[in-house]
Amino acid sequence: MQMLTNRSKAVDRHPMTVWEKMYLPAIAKGMSITLSHFFKKKPTINYPEETRPFSPVFRGLHILNRDEEGRENCTACGLCAVACPAEAITMEAAERKEGEEHLYREEKYAAKYEINMLRCIFCGLCEEACPKDAIYLSETFAPSNYKREGFIYGKNDLLIPDPKKEPELYQKAVGERARKK
Amino acid sequence: MIQLAIDLAFVLEKAILIGGIISVSLLVAMYSTWAERKVAGFMQDRLGPNRAGPFGLFQPLADGLKLFMKEEIIPNASNKFLFILGPGLAMMTAMMTSAVIPWGKQIEIFGRTVDLQIADINIGILYIFAVLSMGVYGIMIGGWASNNKFSLLAALRGASQMISYELAMGLSIIALLMLTGSLSLKTIVELQSASGGWWNIVYQPLGFLIFIVCAFAECNRTPFDLPEAENELNFGYHQEYSSMKLGFYLFAEYINMFMSSVLMATLYFGGYDIPFVNDASLIESMGMNMVAVLQGLSLFLKAAFFIFVFMWVRWTIPRFRYDQLMHLGWKVMIPLALINMLITAIVVLVRENGWPF
């Protein structure tokens with residue numbers, strides 16, 4: 001019969017020699033193997049203390065962006081909701097009043113902005129659709145929750161910390177990727 | 001009239017000693033479960049338990065708490081008295097072995113010289129074997145009282161395995177006894193630790209090999225853990241047990257492991273003897289109590305090494321098939337032990353009486 005590969009080996013069926021029948025050398029060999037594993041470096045990552053570095057193109061939880069003065073970028077145009085293939089995004093628009101110029105960058109803003117993290121497939125199309133650089137996907141993922149309602153993230157959960165009031169938190173939320181830009 | 005003179009201090013001393021040794025062996029058994037999981041983890045390139053406390057050191061406490069909190073189920077069809085007696089018996093026989101083991105030489109407290117041994121009986125080894133074979137009752141009673149055919153089969157498996165390996169174990173010990181000429185464990189240790197005396201492993205390497213293999217079988221440890229082959233046969237004789245009664249069976253196994261490790265150290269590795277050190281001169285320089293502590297530590301380290309070997313083997317060697325187990329026990333171990341006995345006997349005779357031809 002012609003061999004398909006040269007990797008196949010005939011099964012060795014020779015009767016055991018006395019040395020092999022003694023069984024103990026084989027045990028000693030096996031035990032030396034397990035002992036060598038005992039001293040090997042463990043590949044475990046102790047999750048909450050250590051985290052695996054994310055890939056630079058990782059698409060995680062959404063963040064609603066602010067500009068340098070701490071004003072929300074989002075104008076509630078709804079392009080992200082239209083782009084979303086999973087229909088995870090809903091929003092309600094509102095008009096900016098007098099005296100709210102320090103809160104919202106443009107005349108229109110999102111009064112309500114919700115993303116259902118159970119529906120979201122983290123494709124990043126909302127990020128691509130956004131003309132105002134208002135939404136982007138960060139380097140963290142949604143933590144576990146006891147209730148389905150907990151996975152519907154509102155504006156409170158999504159908005160990035162104010163860069164003026166909490167610069168450290170802002171930098172942390174911006175993450176590695178934005179810093180490189 | 002004969003007055004029974006009961007020395008109160010003597011009773012107190014023994015009671016404290018018993019309490020101390022029991023709590024030490026319980027503690028060791030507790031941390032053996034932790035060590036087992038750590039060793040298993042490390043040998044499989046994992047870290048093992050490391051969440052509860054530093055290095056996972058509180059893991060046994062959490063496990064114990066879990067076992068206590070579990071529902072206590074006693075099957076309707078079981079024999080309730082025996083069902084409860086089973087784990088108790090297993091635990092008791094496991095603990096009883098510790099009575100004749102010398103844990104150190106002597107200490108001096110309040111002007112009294114106290115032997116670090118609960119009972120120096122002159123038939124120490126016979127006592128150990130008697131207690132060890134009583135361990136079968138824990139298994140048999142537990143398996144039978146559950147009124148479950150699988151438990152009963154597992155109990156039979158366990159009992160026949162223990163009895164077959166006890167034979168070879170006894171025979172390997174006989175060869176040792178020919179050399180020492182004494183059944184008292186204390187005398188055996190003293191012979192090994194005397195100046196110029198070698199550890200018995202030097203005289204009895206084959207005997208030790210047989211003994212350690214039989215000890216594995218006696219403790220129901222892999223590769224001989226057929227009584228509780230958790231993954232392919234039914235769980236074992238403790239299938240119907242839950243809560244702390246199950247915990248007792250598992251715990252008894254770890255105590256047995258500790259006791260056989262101590263026994264191996266005592267019989268073949270000099271017991272509490274500190275290697276390469278002359279004990280008499282050490283006593284002069286450090287005082288008796290300090291030396292006793294060191295001796296206890298030395299015995300403990302030897303035992304700890306053997307416990308490690310137990311675990312090491314468990315995570316290396318796959319389980320025997322039952323016929324292979326019986327084949328090894330009856331057709332390999334017993335003849336080997338007999339040959340070992342014969343050779344030792346000849347050597348001892350020739351050494352005593354000279355070459356007769």
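Where in chain B is the place of Asn147(B)? The place of Asn147(B) is in the loop between helix H4 (124–145) and helix H5 (149–180) of chain B. The structure is a predicted model, in which local features need pLDDT of at least 70 and side-chain atom pairs count only at pLDDT 80 or more, while totals for chains, interfaces and linings use all residues. Residues are numbered from 1 along each chain as its sequence is written, and chains are lettered from A and ligands numbered from 1 in the order in which they are written.

Helices (H or I, at least four residues) and strands (E, at least two) are taken as DSSP runs and numbered from the N terminus. Asn147(B) is not a glycine, yet its phi is positive, at about 55 degrees. Burial is judged by counting other C-beta atoms, placed from the backbone, within 10 Å of a residue's own: 20 or more make it buried, 12 or fewer make it exposed, and values in between make it partly exposed. Asn147(B) counts as partly exposed because it has 16 C-beta neighbours inside 10 Å. Ser243(B), also not a glycine, has a positive phi of about 55 degrees. Ser243(B) belongs to helix H9 of chain B and is partly exposed, because 16 other C-beta atoms lie within 10 Å.

Ala145(B) lies in helix H4 of chain B. This residue counts as buried because it has 25 C-beta neighbours inside 10 Å. Although Ala145(B) and Phe83(B) are 62 residues apart in sequence, their C-alpha atoms are 5.0 Å apart in space. Two residues are in contact if their C-beta atoms, placed from the backbone, lie within 7 Å. Leaving aside neighbours within four places in sequence, Ala145(B) is in contact with Ser78(B), Asn79(B), Leu82(B), Phe83(B) and Gly86(B).

Helix packing was examined next. Two packed helices are described by the angle between their axes and the distance between the axes. The axes are lines fitted to C-alpha atoms, for helices over the stretch in contact, and the angles run from 0 to 180 degrees between N-to-C directions. Helix H1 (residues 8–43) of chain B packs against H9(B) at an angle of about 110 degrees, and their axes are 9 Å apart. H1(B) is therefore roughly perpendicular to H9(B); angles under 35 degrees count as roughly parallel, over 145 as roughly antiparallel, 65 to 115 as roughly perpendicular and the rest as oblique. On the H1(B) side, Ser25(B), Val28(B), Ala29(B), Ser32(B) and Thr33(B) meet Phe251(B), Tyr254(B), Ile255(B), Met257(B) and Phe258(B) of H9(B). By class, the residues of this contact of H1(B) with H9(B) comprise seven nonpolar, three polar and no charged. In this scheme Ala, Val, Leu, Ile, Met, Phe, Trp, Tyr, Cys and Pro count as nonpolar, Asp, Glu, Lys and Arg as charged, and the others, Gly among them, as polar.

A second pair is formed by helix H10 (residues 279–286) of chain B and H11(B), which pack at an angle of about 130 degrees with their axes 7 Å apart. H10(B) and H11(B) are therefore oblique to each other. Asp279(B), Leu282(B), Ile283(B) and Met286(B) of H10(B) make the contact with Met288(B), Met290(B) and Val291(B) of H11(B). The residues of this contact of H10(B) with H11(B) include six nonpolar, no polar and one charged. Val291(B), in helix H11 (residues 288–314), is buried because 23 other C-beta atoms lie within 10 Å. The C-alpha atoms of Val291(B) and Asp279(B), twelve residues apart along the chain, are separated by 7.8 Å.

A nonpolar core is a set of buried Ala, Val, Leu, Ile, Met, Phe, Trp, Tyr and Cys residues joined through C-beta atoms within 7 Å. In the largest core, of 80 residues, Cys214(B), Ile255(B), Phe258(B) and Met264(B) touch the most other members. Helix H9 (residues 243–268) of chain B gives the most to this core, with 16 residues. A second, separate core of 21 residues includes Ile89(A), Tyr104(A), Ile115(A) and Tyr136(A).

In chain A, three strands form an open antiparallel sheet in the order S2-S3-S5, where strands pair if DSSP finds at least two bridges between them. Strand S3 (residues 108–116) is joined to S5(A) by two bridges, and Ile115(A) stands opposite Tyr153(A) in S5(A). Between the chains, nine residues of chain B are in contact with eleven residues of chain A.
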